[in-house]
2 protein chains.
Amino acid sequence: MSETTLEKPVIEGFAKDLVAQIRAEDTHGSWDRKSDMELLEPFIVDKEKRKLIPIIGDPDPDTLWRLELYYGALCLAIEKRCGKMVSPMMKMSHEGFGRMVLICGRLVVLSKSLRDVHRFGFLSMEKLNAEAEKVITSAIAMIERFPEVADY
Amino acid sequence: MSETTLEKPVIEGFAKDLVAQIRAEDTHGSWDRKSDMELLEPFIVDKEKRKLIPIIGDPDPDTLWRLELYYGALCLAIEKRCGKMVSPMMKMSHEGFGRMVLICGRLVVLSKSLRDVHRFGFLSMEKLNAEAEKVITSAIAMIERFPEVADY
């Protein structure tokens, strides 16, 4: 939205994978002129922004789509590190509550209860990367612990 | 719909669990006067009935609901036999294609690709019971093979 050049900040780590995932879904090239930073911006929800998002009713489709992008990118990042395919499954029950699992073979490498999905986002880019790194590391640890189930 | 007394045929095995599951969702007692057979009837889709269901567009909500009832009842049946909680997760992608997984702890005890969900059903009550028994047996075998993952 802003006209300032936001290209400058270096986007590293998982955030880079996430941008790649977002661009991969842009089959019509509508975002070609958007900077990486602009694409990531909706994922960054600081305290001020958070307060402004009501948690009434069901989360809007854009938020759900971002949630799917985030977990989809996590799957790819895990896959990149261990060479095994990982796929996400989400179940939204009502009013922003739900569950997300990432599955590798017959192993659930991540199981997360979702709540207040309306406010899905990260305080900062650093927090996004740190959180993703935590998930990836723990998923890899699960796969290494139960290789037979992951390869089933 | 029919006025004949269909109460007579004995409903056994998994079909009985399925009826219990259907009745459990009937919080307003609207089906109190329906026989078990009447409640199961939509799950029985023989060749003639099958042909009449178009597989165009997305499956109708009633069909999806029956799918969830069926897998929900399977989870309970597995739970009854092994004492461990099992929960279903479904992902419908488009036009009746999707995936269903039943999860116990961190173990995927059943993973099934769904297709032509519009026509979800079984040729007969016997087929329904036989198919369910197969799923339950194989789920229990998975749990017994990987107890540590199921109890994770």
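Asp116(B) counts as buried in this predicted model, at 18% relative accessibility, where buried means under 20% relative accessible area, exposed over 50% and partly exposed in between (1.4 Å probe, protein chains only). Asp116(B) lies in the loop between β3 (107–114) and α5 (125–145) of chain B, helices (H or I, at least four residues) and strands (E, at least two) being DSSP runs numbered from the N terminus. The phi angle of Asp116(B) is near 45 degrees, a positive value in a residue other than glycine. In chain A, Asp116(A) is placed in the loop between β3 and α5 and has a positive phi of about 50 degrees, although it is not a glycine. Asp116(A) is buried, with a relative accessible area of 18%.

Residues are numbered from 1 along each chain as its sequence is written, and chains are lettered from A in the order in which they are written. As the model is predicted, local features need pLDDT of at least 70, side-chain atom pairs count only at pLDDT 80 or more, and totals for chains, interfaces and linings use all residues; side-chain values use heavy atoms, with hydrogens and water left out.

Chain A comprises six helices and three strands, arranged from the N terminus as α-α-α-α-β-β-β-α-α. Along the principal axes, the C-alpha atoms of chain A fill a box of roughly 50 × 35 × 30 Å. Buried residues account for 41% of the 152 residues in chain A.

At the interface, 20 residues of chain A are in contact with 20 residues of chain B (contact means heavy atoms within 4.5 Å). The area buried between the two chains is about 1900 Å², with carbon and sulfur atoms giving 58%; buried area is the accessible area (1.4 Å probe) that two parts lose on being put together, summed over both. Two salt bridges are found across the interface of chain A and chain B, a salt bridge being a side-chain nitrogen of Lys or Arg within 4 Å of a carboxyl oxygen of Asp or Glu. The side chains of Arg145(B) and Glu148(A) form a salt bridge (2.8 Å, N to O). On the side of chain A that touches chain B, the elements giving two or more residues are β1 (87–94), β2 (97–104), β3 (107–114), α5 (125–145) and α6 (147–150).
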